[in-house]
Amino acid sequence: MRPAGRGGREQPPSIPEMETFMEKCSAPLRHVDQVWPGLYLGDAVIANNLDVLNEMGITHVLNAAHCSWDCKGEQVVYGQGIHYYGITAEDCPDFNLSLYFHTAAEYIHTALSDPCGKVLVHCVLGRSRSAALVLAYLMIYHHFSLADAIQRVTQYRPICPNRGFLKQLQDLDLDLRFRWKFCKII
């Protein structure tokens, strides 16, 4: 992906550029992968295996596909040892996942602020909805550009947020860049 810009301002990569970059990911697709210290990206299979989650030391679960298909997790399923947060999101380009970018990022950040905190972010396959939320977290709390966030995550896991989510992430990238630039001026 290229950082091209007008007037010296770096622009997010285009959607086709992001898709091409993500298609080149050579990481194997597993049920779960650690993509940042204490932050795991996974699928419904891993999310439904309480024994493995406990073995991994997962303390928080963020389900981006709450109440859909095989992702009907809730606090009752995980008991007292794992804190649960569910987002009922559709893996559809028209779904506005950006409404949840900041709340999901805050949930992840708060969980990882605990020295023992480990978070599983998942959806059905762990490649679109949950991946978009993880990318947003890296952008919001760690000041990654969208291109850098994608590069970081695809080192460990193949992802493919749908085109609508990619567009929403582009918008987030531009918004965050403007805010950071504005804060530097003040």
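Guide: A definition to begin with: two strands pair if DSSP finds at least two bridges between them. Helices (H or I, at least four residues) and strands (E, at least two) are DSSP runs, numbered from the N terminus. This is a predicted model, where local features need pLDDT of at least 70 and side-chain atom pairs count only at pLDDT 80 or more, while totals for chains, interfaces and linings use all residues. Residues are numbered from 1 along each chain as its sequence is written, and side-chain values use heavy atoms, with hydrogens and water left out.

Visitor: Fine. What stands opposite Leu120 in β7?

Guide: Val61 does. Strand β5 (residues 60-63) pairs with β7 in the parallel sense, over four bridges. In β7, His60 has Val119 as its bridge partner.

Visitor: And which way do the β7 residues point?

Guide: β7 covers residues 119-122, with Val119 and Val121 pointing one way and Leu120 and His122 the other. In a regular strand the side chains alternate between the two faces of the sheet.

Visitor: Are those β7 residues buried or exposed?

Guide: All are buried, meaning under 20% relative accessible area, where exposed is over 50% and partly exposed lies in between (1.4 Å probe, protein chains only).

Visitor: What order do the strands take in the sheet?

Guide: The order is β3-β4-β7-β5-β6, five strands in an open sheet with mixed pairing. β3 (32-36) and β6 (83-86) are at the edges; each has a single partner strand, so one side of each lacks a neighbour in the sheet. From one strand to the next the twist averages 25 degrees. Angles run from 0 to 180 degrees between N-to-C directions, and axes are lines fitted to C-alpha atoms, for helices over the stretch in contact.

Visitor: How far is Ala44 from His122?

Guide: C-alpha to C-alpha they are 6.6 Å apart in space, and 78 residues apart in sequence. Ala44 lies in helix α2 (residues 44-47). Ala44 is buried, with a relative accessible area of 2%.

Visitor: New topic, helices. At what angle do α6 and α7 pack?

Guide: At about 125 degrees, with axes 9 Å apart; α6 is residues 129-142 and α7 residues 146-154. They are therefore oblique to each other: under 35 degrees counts as roughly parallel, over 145 as roughly antiparallel, 65 to 115 as roughly perpendicular, and the rest as oblique. Contact (heavy atoms within 4.5 Å) is made by Val134, Leu135, Leu138 and Met139 of α6 with Leu146, Ala149, Ile150, Arg152 and Val153 of α7.

Visitor: And how do α1 and α7 cross?

Guide: Helix α1 (residues 15-23) and α7 cross at roughly 15 degrees, and their axes come within 10 Å. α1 and α7 are therefore roughly parallel to each other.

Visitor: Which residues make that contact?

Guide: Met18, Phe21 and Met22 from α1, and Leu146, Ile150, Gln151 and Thr154 from α7.
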